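Colleague: I am new to this structure and would like to learn how to read its features one at a time. Could you show me it before we start?

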Amino acid sequence: MPGGGAPLAPFLVASLKRAARLRCGEQLHALAAKSGLLAANAFVRNSVLAFYARLPPSLASARKLFDETPPPLRDAAAWNTLLAALARAGHLDRAQRVLEEMPRGHRDTVSYTTVVTALARAGHAGPAAAVFRCMLAEDVVPNEVTLAGVVTAFARHGAPAAVGVAHGFALRMGLDGFVIVATNLVHAYAGVSELHFARAVFDQMPDRNTITWNAMLNGYVKAGMMEKAAEVFWRIPKRDEVSWVTMIDGCIRAGLISDALKAYAHMVGEVGSNGNEALLVDLVKACAQYSAIAEGQQLHSIILKNGFDAHAFVQATLISFYGCCGLIGLAQMQFRLSDKSHIASWNALLAGLLRRGLMHEARQLFDDMTERDTISWSTLISGYVLNECSDMALQLFFTMLNAGFEPNEITLASALSAVAESGTLDQGRWIHDYIINRSIKVTDNLSAGLIDMYAKRGSISDAVQLFNHASDKFSSISPWNAMICSLAVHGYAHMSLDLFSQLQRTNIKPNSITFVGVLNACCHTGMVTEGKQHFESMTRQFGIQPTIKHYGCMVDLLGRAGYLEEAEQLVAIMPMKADKVIWGSILSAARAQGNVGLGERAAEELAKLDQTHGASKVALSNIYAYAGHWTNVSVVRKDLEDENLERQSGSSGIL
């Protein structure tokens with residue numbers, strides 16, 4: 001209380017500004033009311049209102065005090081105080097209504113700026129732009145904060161034109177020179193992938209703060225332009241933790257794991273921060289992807305020192321890391337130390353066991369789970385498919401459905417793969433109908449799975465029909481590959497090659513798998529010249545390095561066409577050693593052409609790769625027989641008898 005006749009009003013105003021506890025403010029409110037100053041003094045009344053507005057739990061008290069104030073006594077400061085409180089609390093609809101209720105003479109730059117900025121930050125671009133237009137219509141002059149909010153709002157539209165409009169306003173009003181406006185323009189242009197304009201604004205700024213530099217850096221990182229990002233990063237006068245984390249994130253996205261880890265080490269030294277749990281999890285995931293075991297374990301120790309291992313998602317990431325790196329014992333140890341109430345840890349260990357082919361252990365873990373989710377079921381189903389247990393995968397898939405779980409895209413793709421390998425066409429049709437009836441979005445991955453399933457289950461017409469129906473919606477190569485390869489394998493070589501020509505008229509780029517299908521198609525039709533052209537175009541036109549599968553296709557193509565010498569020369573210049581498939585193709589071609597010398601060399605190479613390869617000796621025996629070399633036939637057949645190689649009996653998938 002003021003003493004010695006000191007004025008009460010200044011005391012109340014100052015005390016309300018300093019008050020931090022609701023009880024204290026309520027006592028000052030009572031004193032103001034009792035003294036009559038609450039009704040008579042606008043400064044005191046607005047100070048009480050500002051106190052309540054400042055504390056989120058007392059927003060209702062602020063609104064009550066405002067409503068009890070007679071309308072003639074509600075000045076612009078009172079209206080703006082209430083607006084700010086509603087905006088801070090996220091009551092944006094109410095804030096807009098209050099703005100509309102304000103007397104026109106009280107609506108000023110602060111009023112509009114408060115609402116525009118709040119709407120823009122919340123992502124409500126349309127309403128923010130509408131409020132801004134009302135502001136201009138009422139001839140209320142925006143300031144740099146208003147324009148910064150408008151730029152943010154227009155950027156949310158995702159259209160460069162909208163950002164350009166906001167930029168035009170800033171230029172016309174002479175507000176583009178403010179750091180806050182220019183920084184938001186850099187961020188907005190980068191957000192709509194107009195990095196040229198973002199850089200132009202950035203370069204023209206006379207003054208930049210760290211936020212500006214980070215905005216430009218973030219734009220380059222999100223666009224994957226890591227060279228430009230590095231150029232900006234190393235020029236930042238005062239790099240903060242955001243700068244480092246942005247750069248590290250960019251390196252991880254670009255697969256530059258070594259650079260990401262080096263940047264992290266520099267960040268710890270320069271900023272003195274180990275980062276947060278999200279950053280460390282991203283780094284550990286990157287280490288898992290590239291099997292950087294030592295680095296991942298160092299990050300694990302940092303996680304332990306900072307207590308981040310208490311978080312469930314961190315525990316699951318560590319289990320996944322050790323599982324991905326093949327250290328299944330450490331993954332199991334980490335699982336034992338983790339919180340078993342979080343299903344993510346169970347799923348991480350399950351994936352690790354399946355990656356190592358430990359099917360029995362994985363199934364035991366799955367059966368021990370007290371709770372399962374779609375990821376649990378999908379992981380085990382995918383594991384069965386990858387480990388060539390398609391029957392078990394299908395059985396588990398239908399058990400999952402009966403248990404009331406909804407499959408996701410991965411589950412359905414795995415189920416289709418299982419049907420393609422060992423299921424029936426009826427099962428495949430049932431899954432297709434399930435996808436349609438449940439209105440599940442048919443992604444490119446699912447389309448590829450359906451095409452592959454229909455083709456392998458003997459209904460190439462259904463595969464073609466599905467492809468033709470959806471081809472204009474495909475955005476990736478996988479469905480094209482499924483159709484091109486299926487047509488080639490089923491003898492529709494010309495259709496396969498025509499489809500490849502059609503692919504080249506789209507914006508989708510072929511990949512390594514595409515050319516396996518194309519070369520197979522050439523092989524089935526004996527199109528040697530075309531096959532050579534496609535093989536050469538892989539590297540020359542598309543930048544795809546041939547794998548052993550592509551070389552195998554070419555060797556088979558040349559051998560079938562009788563170009564044995566050229567086939568052998570291709571094997572000699574291959575950048576990798578030929579496998580049993582390639583030497584088997586050479587041997588088959590030598591047998592067809594009666595080339596004894598080449599057949600002997602191929603059989604010798606096959607023996608080096610697999611001494612028990614009886615088929616090669618049978619083929620060599622036939623070559624000798626066709627050539628009339630009966631002595632050699634006797635020697636080979638004697639070897640077969642001595643090695644006691646048995647011919648495997650045939651089996652049928654029908655009977």
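Modeller: Start with Arg560, which has a relative accessible area of 56% and is exposed. The word has a cut-off: buried is under 20% relative accessible area, exposed is over 50%, and partly exposed is in between, with a 1.4 Å probe and protein chains only. This is a predicted model, in which local features need pLDDT of at least 70 and side-chain atom pairs count only at pLDDT 80 or more, while totals for chains, interfaces and linings use all residues. Residues are numbered from 1 along each chain as its sequence is written, and side-chain values use heavy atoms, with hydrogens and water left out.

Colleague: Which residue meets Arg560 in a salt bridge?

Modeller: A salt bridge is a side-chain nitrogen of Lys or Arg within 4 Å of a carboxyl oxygen of Asp or Glu. Here the partner of Arg560 is Asp556, at 3.1 Å from N to O. Arg560 and Asp556 are separated by about one helical turn, being four residues apart in helix H34 (residues 548-560). Helices (H or I, at least four residues) and strands (E, at least two) are DSSP runs, numbered from the N terminus.

Colleague: How many salt bridges does the structure hold?

Modeller: The structure holds 15. One of them joins Asp462 to Arg429, with the closest N and O atoms 2.8 Å apart. Asp462 belongs to helix H29 (residues 460-470) and Arg429 to helix H27 (residues 425-437), so the pair ties together parts that are 33 residues apart in sequence. Asp462 is buried, at a relative accessible area of 18%, whereas Arg429 is partly exposed at 32% relative accessibility.

Colleague: Which residues are linked in a network of salt bridges?

Modeller: Arg199, Asp203, Glu231 and Arg235 are linked in this way. Glu231 is partly exposed at 29% relative accessibility, and Arg235 is partly exposed at 39%.

Colleague: Now the packing of helices. At what angle do helix H19 and helix H20 pack?

Modeller: Axes are lines fitted to C-alpha atoms, for helices over the stretch in contact, and angles run from 0 to 180 degrees between N-to-C directions. For H19 (residues 293-305) and H20 (residues 312-324) the angle is about 160°, and the axes are 11 Å apart. H19 and H20 are therefore roughly antiparallel. In general, angles under 35 degrees count as roughly parallel, over 145 as roughly antiparallel, 65 to 115 as roughly perpendicular and the rest as oblique. The crossing of H19 past H20 is left-handed; that is, the near helix is turned anticlockwise from the far one by less than a right angle, while clockwise would be right-handed.

Colleague: Which residues make the contact of H19 with H20?

Modeller: Contact means heavy atoms within 4.5 Å. H19 contributes Ile293, Gly296, Gln297, His300 and Ile303, and H20 contributes Val314, Leu318, Phe321 and Tyr322. By type, six of these residues are nonpolar, three are polar and none is charged. The classes are: Ala, Val, Leu, Ile, Met, Phe, Trp, Tyr, Cys and Pro nonpolar; Asp, Glu, Lys and Arg charged; the others, Gly among them, polar.

Colleague: And where in the chain is Ala316 found?

Modeller: Ala316 is found in helix H20. Ala316 is buried, its relative accessible area being 10%. Leaving aside neighbours within four places in sequence, Ala316 is in contact with Ala344, Ser345 and Ala348.
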